[in-house]
Amino acid sequence: MKRILSLLLILVLCLGLAACAGTSAPPDAPQRPVPTDTTLHKIGVIVYNTGDEEVIGFREYLQCYIEDNFPMVEFLYSDSIQNEEEELSFIQSACNQGVEGFMSFLSRDLRAEVALCEQNRAYYLLASGTVSDEDFDAVADNPWFLGMFGPGQPFEFQAGADMARYFLREQTGSRWFILSGGASLGNEMHYQRTMGILDTLATAYGVNFPQSRQELAQTAEPLTLELDKLTVTICPGYISREADLTAAMEAYAAGTYDVVLSVLPPADMVSVIGKTPLGVVDSYNTRNLQLSTDGVLQFVVGKYSSMVGPSFALMLNALTGHAGEFRDRGRAIQVTQGFWNSEGPQDYLEKYALSTSAAMSAYNFDDLSKVICIYNPHADLNALVALAEACSYRAVQARRSANA
């Protein structure tokens, strides 16, 4: 089985390498619609870590597939953004270089970011993420804020809960190590995922934690709870950073665990975790494919690279003069896009192949051009939202089968 998966891995990687080699249509393909606006539009992309596999996947899709198929756009990427000052500095620098709108994959201070964009008459869009209702509502009426695409709080919570339930069903053990990421630092996505894990464990074991689950999810220091029926260690921090990684390694080495649940990419913690069963909320990427094939990564909840296609479509509509037509009663839109789940290497491989294939992209040119006004004058908000929400594995399979 492992040999077969390894051969398939090689094949998938070869297909991935071909993704940037060109995406021209075959001679007998239907003629593509011609855009009514061919002006070059610059879009800034704000990312938290240029080395993160999810970020790399989004970048390959945007710069390889989208730029090749939509030649009127050009993306300008930020470096790894570590704090609010760096994000605001990039926004201003990019505006000075002619950027007209920003697709952001993080938010340190949404009000400040949108305010700076408004000063520069540039649009701001959370392309894939989750913020609190309070933060969203604070800027929803600003016409320069286009909206947010992402799982939202319920799906983020469910991601953590689904991951915990899988290992409970597998009866992996009662000693749990949780990497809670930025939950203590205001990262709403990591907070909701951690809450989902803790809520599921408390219910499954019938225990009451000595502190509220909210307090536990937001702990700023490693914390271990030893109860009658289970042991839980919660370890916070962005483990892509050396100091947080060191703290996580030390916390893990101090105990013995049956399962590790991570609400963010496990990074170099993998070398310390070893063969301990691992579940992550991350993305469908090459590193996780290898970990899954090796039997280390047993459960994945993740996004996939072309999921950001509809958010790009919204941005391009705004940049070509149609921003007002894509608002919800004058307010920025909130579009829910859930995760894919995989149990085991075979399921992961199948979904990874669909998520990375240039020929079978989950959101391809034909999909997106139908909801972009310069290609389709009848494009509207309802169609865009419907396309974005049709992001499940089954929905993508049905769309690709219909177009085959």
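## A buried pair of charges

The term salt bridge is used here when a side-chain nitrogen of Lys or Arg is within 4 Å of a carboxyl oxygen of Asp or Glu. Arginine 399 sits in helix H16 (residues 393-403) and aspartate 367 in helix H14 (residues 365-369), so to speak two distant parts of the chain, 32 residues apart, linked by this pair. Helices (H or I, at least four residues) and strands (E, at least two) are DSSP runs, numbered from the N terminus. Both arginine 399 and aspartate 367 are buried; buried means under 20% relative accessible area, exposed means over 50%, and partly exposed is in between (1.4 Å probe, protein chains only).

Before we go on, a word on the model: it is predicted, so local features need pLDDT of at least 70 and side-chain atom pairs count only at pLDDT 80 or more, while totals for chains, interfaces and linings use all residues. Residues are numbered from 1 along each chain as its sequence is written, and side-chain values use heavy atoms, leaving out hydrogens and water.

Aspartate 367 has another partner. Arginine 400 also forms a salt bridge with aspartate 367, and here the closest N and O atoms are 3.0 Å apart. Arginine 400 belongs to helix H16 and aspartate 367 to helix H14, so this pair ties together parts that are 33 residues apart in sequence. Arginine 400 is buried at 4% relative accessible area, and aspartate 367 is buried at 5%.

Because arginine 193 lies in helix H7 (residues 188-205) and glutamate 156 in helix H6 (residues 152-169), the pair ties together parts that are 37 residues apart in sequence. Arginine 193 is buried, with a relative accessible area of 6%, and glutamate 156 is buried too, at 0%. In general, side chains of opposite charge can pair when their charged atoms come close.

## The nonpolar cores

Now for the nonpolar side chains. A nonpolar core is a set of buried Ala, Val, Leu, Ile, Met, Phe, Trp, Tyr and Cys residues joined through side-chain atoms within 4.5 Å. The largest such core has 112 residues, and Ile66, Phe70, Phe75 and Phe312 have the most contacts inside it. Apart from it lies another core of 23 residues, including Phe90, Ile91, Cys117 and Val139.

What does phenylalanine 312 touch, not counting residues up to four places away in sequence? Its partners are Ile43, Ile66, Phe70, Val73, Phe75, Met103, Leu368 and Ile372. Contact here means heavy atoms within 4.5 Å.

## Two pairs of helices

Helix H11 (residues 286-293) and helix H13 (residues 345-356) pack at an angle of about 160°, their axes 9 Å apart. Axes are lines fitted to C-alpha atoms, for helices over the stretch in contact, and angles run from 0 to 180 degrees between N-to-C directions. H11 and H13 are therefore roughly antiparallel to each other; angles over 145 degrees get that name, those under 35 count as roughly parallel, 65 to 115 as roughly perpendicular and the rest as oblique. Thr286, Asn288, Leu289, Ser292 and Thr293 in H11 meet Pro345, Tyr348, Leu349 and Tyr352 in H13.

In another pair, the axes of helix H3 (residues 84-96) and helix H4 (residues 110-119) come within 10 Å and cross at roughly 15°. H3 and H4 are therefore roughly parallel to each other. On the H3 side, Glu84, Glu87, Leu88, Ile91 and Gln92 meet Ala112, Glu113, Leu116 and Cys117 of H4.

## Buried or exposed?

Alanine 164 is found in helix H6 and is buried, with a relative accessible area of 0%. Leaving aside neighbours within four places in sequence, alanine 164 is in contact with Trp176, Ile197, Thr200, Leu201 and Leu261.

By contrast, glutamine 171 is exposed, with a relative accessible area of 71%. Glutamine 171 has its place in the loop between H6 and strand E6 (175-181).
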